[in-house]
Amino acid sequence: MAGEAQPDCLFCKIVTGDVPATIVRETETTVAFRDINPQAPTHVLVIPKAHYPDAASLAAAEPTLAADVLREAGAVAADEKADGTGYRVVFNTGAGAGQTVFHAHAHVLGGRGLEWPPG
Ligand code: AMP
Ligand code: ZN
């Protein structure tokens with residue numbers, strides 16, 4: 001069934017607590033935790049608890065859940081005081097764009113100047 005936990009998925013294991021993470025926010029439907037390899041002073045990942053391989057499939061199947069992820073991304077930025085200076089929300093989609101974990105996740109990056117276009 002769509003959204004079901006996948007046994008080999010790292011982020012599903014973070015949702016269940018089988019893999020530890022530094023969780024900064026949690027709701028009924030989402031978890032936000034610090035990226036293990038931060039690329040900015042603020043680098044937090046926001047994930048839906050349900051498993052979808054990427055942001056587009058999440059939004060197609062459960063638009064309300066996709067909105068939960070976006071709202072939490074904004075809440076993380078506010079918690080980290082990154083909302084005043086600006087921050088970036090990134091959904092890498094596909095290996096060619098740098099996606100390495102195929103459980104939808106928003107990167108929330110802030111706390112430093114961010115170049116455009118990204119690399
Ligand atoms: P992406 O490359 O867009 O799929 O993003 C996956 C992100 O997950 C990368 O930025 C990794 O540094 C991060 N990551 C991988 N393993 C962990 C972990 N155990 N805890 C927190 N972040 C992780
Ligand atoms: Zn998963």
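Which helix and which strand each supply at least two residues of the shell around ligand 1? They are α1 (10-16) and β2 (30-34), helices being DSSP runs of H or I with at least four residues and strands runs of E with at least two, numbered from the N terminus. The model is predicted: local features need pLDDT of at least 70, side-chain atom pairs count only at pLDDT 80 or more, and totals for chains, interfaces and linings use all residues. Residues are numbered from 1 along each chain as its sequence is written, chains are lettered from A and ligands numbered from 1 in the order written, and side-chain values use heavy atoms, without hydrogens and water.

With three residues, α1 gives the most to this shell. Of the 16 residues around ligand 1, those that come nearest are D35, N92, G98, T100 and H107, where near means having a heavy atom within 4 Å. By class the shell holds seven nonpolar, seven polar and two charged residues; Ala, Val, Leu, Ile, Met, Phe, Trp, Tyr, Cys and Pro count as nonpolar, Asp, Glu, Lys and Arg as charged, and the others, Gly among them, as polar.

Oxygen atoms of ligand 1 take part in polar contacts, pairs of N or O atoms within 3.5 Å. A polar side-chain atom of D35 lies 2.5 Å from a ligand oxygen, and a side-chain N or O atom of N92 lies 2.9 Å from one. V101 contributes a backbone N or O atom, 3.0 Å from an oxygen of ligand 1. On its own, ligand 1 has 500 Å² of accessible area, of which the protein covers 84% (Shrake-Rupley method, 1.4 Å probe).

Key
Polar contact = N/O pair within 3.5 Å; in protein donor to acceptor, adjacent residues only side chain to side chain.
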